[in-house]
Structures are given as C-alpha cells and as structure tokens.
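Keep the viewer open as you read.

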Amino acid sequence: MSMIDLFAMRDTFNRQQIMLCFNGPISRSLIEEIGNALRNYLAADHAHPSAAMDVFAVYIEMTQNIRHYTRDRGWSEQDSSATVVVSRDDNGHYVVSSGNLIEAADGEVLVSSIEALGQLDKVQLKAAYKEQLRRPRDAEVSSGAGLGLIDIARKSSEPLKAVLQPADNGKAFFSLRAVI
Amino acid sequence: MTDITIAGTQSTPDIRTEWSTGRLFMQGDSYPENSYELFNQIFEWIERFLADGGRPLSLELNLLYLNTSSIKAMMDIFDLLEAAHQEHKPVAVNWYYDQRNERVAELAEEFKEDCSFPFEIIPSPQA
C-alpha cells in the first residue's frame with residue numbers, strides 16, 4: 001500500500017483555499033466541535049462578525065439537514081457520512097459546501113427545488129421563508145426545500161448550486177454549495 | 001410556582017425564569033438539533049404564567065445565533081405572547097444585542113414584524 005501523499009494533499013487544500021474539511025460519519029457532538037473550530041478559524045481570519053455568523057449558520061443548517069435526513073430514514077452511521085468543506089473563493093467570499101448520499105428520487109426533488117429558490121430575489125426569499133416558518137411541523141417535506149435551505153439561500157450572495165451524481169443502490173451523491 | 005433554571009451549553013442558551021417578578025431570561029446561542037424539548041419547557045412556563053392572572057410578563061433576551069429549528073420554536077413563543085396581548089394581558093419583549101453584530105438585530109426585527117405587543121430591540125455597547 002502506498003503512503004498517502006500528504007504534501008500533495010496540503011498543496012491542493014492551499015490552492016483551493018480550503019480552511020476546513022471533514023469526511024465521514026457525522027454526529028451531533030462532532031457538528032458542534034467542528035463548528036467551534038470553524039468559529040475560531042473565522043475569528044483568526046478577522047472575518048466580520050456578520051460574515052462569520054452567516055458562515056457558521058450555513059454550516060449548521062447544512063450539517064443538521066444531513067443528520068435529519070439520514071435519521072428520518074433510519075440509515076446506519078456509515079450511510080450518514082457527510083463531506084463538508086469551508087473555503088474561500090478568488091473574490092475572498094467564504095464558500096460552504098456539503099455533500100451526502102441520498103435516495104436518487106429525493107435528490108431530483110431537492111435539486112429542482114434549489115433551482116426554483118435560485119429564481120427568487122431577496123424579497124421573495126424572505127416571503128418564502130416566512131411562509132415555511134408558519135407551516136405546521138408535520139407538514140414539512142423532509143426532502144424538499146425546507147426552512148434550512150431557504151435560510152441558507154437568504155445568507156448567500158449568489159444562487160445556491162446543487163449537483164447530483166449517481167451512486168450505488170438507487171442512491172445519489174448530493175452536493176450543495178453556498179457562497180456567502 | 002416553580003421556576004426554571006437551565007444552564008447553557010455550547011449549543012443551548014442559559015434560561016432562567018422569575019415567577020415573582022414576571023420575567024424570563026434567555027442568553028446565548030441556540031442551535032440544538034432538536035429544539036422542541038428545550039423550548040417546550042419555556043412555552044409551558046409562559047402558558048402557566050399567563051393563565052395565572054393579569055401580572056405583566058417580560059422576556060429579557062440576549063440571544064445571539066439561532067438555527068432555524070430554534071427560530072421556529074421562538075416564533076411559537078412570540079405567537080403565544082401575541083395571543084395574550086390580544087386578550088389585553090401585559091406582555092413585552094426586550095432583546096439586547098451587541099452593536100458590532102447587526103445580524104442579531106436583523107433576526108430580532110424579523111420576529112418583531114409579526115408582533116403588535118411592545119418589542120424593544122436594544123443595542124448594548126458591550127457583548
């Protein structure tokens with residue numbers, strides 16, 4: 001077995017301006033611990049308090065969405081893996097990306113509802129947010145654009161980008177990117 | 001009447017009630033995965049207080065970041081206060097925030113939009 005080339009990995013991370021990344025089963029306490037590290041990095045990076053709060057909020061909503069989805073379906077911890085990356089783009093914006101396995105059919109619904117959110121301006125997003133907030137808890141569609149996704153869209157400076165890639169056993173890998 | 005005292009954690013706020021003075025204090029971040037259990041205790045305390053008589057109730061908030069699950073729970077609490085206000089019961093919210101973080105003021109403003117009872121958003125120079 002060849003040794004993992006950490007030097008090359010580090011170089012990739014640095015070139016893509018990746019501040020923080022995680023891949024694996026994600027627990028409630030892990031979300032908190034990584035979130036804590038993220039807040040410290042943002043403070044050390046002299047992020048404006050509002051920007052830091054937006055990045056943290058988007059990270060929390062993305063990871064808790066993944067937890068809720070996998071728990072609702074009773075998936076094993078291994079299937080409840082998440083891939084999370086916080087980076088900066090060339091314009092200095094913070095970028096929060098997350099990916100996880102989902103049922104392919106749920107993925108189609110999710111991607112189209114994210115594309116629909118992309119058509120809304122800030123005022124329309126706020127209206128959608130307030131409407132979703134008033135919806136009874138049991139009427140929330142767990143695979144559609146719930147409150148968390150609308151909140152992420154509101155905190156983003158450009159439309160959310162979602163990609164679906166086919167995986168085994170009727171599942172797909174869902175990737176979501178938010179530019180703050 | 002029993003008061004509630006819940007020490008905060010990294011993802012949950014400090015919560016304290018004062019039945020004798022009609023005040024409820026919440027301070028810190030709130031982003032538990034499931035906010036229902038935590039907020040339900042507060043909701044029930046407020047319901048009992050409002051049912052007990054016409055004494056004034058005020059929520060003294062120093063809340064910072066709320067995840068959407070906590071926002072939904074807070075909305076339920078403000079709806080409860082709004083219903084009491086419609087019955088002419090004296091209720092109020094004072095939400096204190098650090099001026100350096102305008103996101104907290106924006107969050108409070110969005111709640112205030114749906115409330116007709118006294119709802120003050122108060123900048124404080126220190127955190």
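H4(A) has 15 residues and covers 21 Å from its first C-alpha to its last, close to the 21 Å you'd expect at 1.5 Å a residue (the expected span being 1.5 Å times one less than the number of residues). Bear in mind that this is a predicted model, where local features need pLDDT of at least 70, side-chain atom pairs count only at pLDDT 80 or more, and totals for chains, interfaces and linings use all residues. Residues are numbered from 1 along each chain as its sequence is written, while chains are lettered from A and ligands numbered from 1 in the order in which they are written. Helices (H or I, at least four residues) and strands (E, at least two) are DSSP runs, numbered from the N terminus.

Which residues of H4(A) are buried? They are A:Gly107, A:Leu110, A:Ile114 and A:Leu117. Here buried means 20 or more other C-beta atoms within 10 Å of the residue's own, exposed means 12 or fewer, and partly exposed is in between, with C-beta atoms placed from the backbone. Look down the axis of H4(A) and its buried residues fall within an arc of 85°, so they line one face of the helix; the arc is that of the directions from the helix axis to the C-beta atoms. That buried set packs against S3 (94-103), H6 (147-155), S4 (161-166) and S5 (171-179) of chain A. Turned away from the buried side are the exposed residues A:Ala105 and A:Ala116.

A:Ala104 also lies in H4(A). With 16 other C-beta atoms within 10 Å, A:Ala104 is partly exposed. Leaving aside residues up to four places away in sequence, A:Ala104 touches A:Gly170, A:Lys171 and A:Ala172, where contact means C-beta atoms, placed from the backbone, within 7 Å.

Now over to chain B. Six strands make an open sheet there, in the order S1-S2-S3-S4-S5-S6, with mixed pairing; two strands pair if DSSP finds at least two bridges between them. S1 (5-6) and S6 (119-124) of chain B stand at the edges with a single partner strand each, so one side of each has no neighbour in the sheet. S1(B) runs antiparallel to S2 (residues 14-18) of chain B, joined by two bridges, and B:Ile6 has B:Ile15 as its bridge partner in S2(B).

Finally, the two chains meet: 14 residues of chain B are in contact with 16 residues of chain A. H2(B) gives the most to chain B's side, with four residues. The predictor gives the complex an ipTM of 0.93 and a pTM of 0.94.
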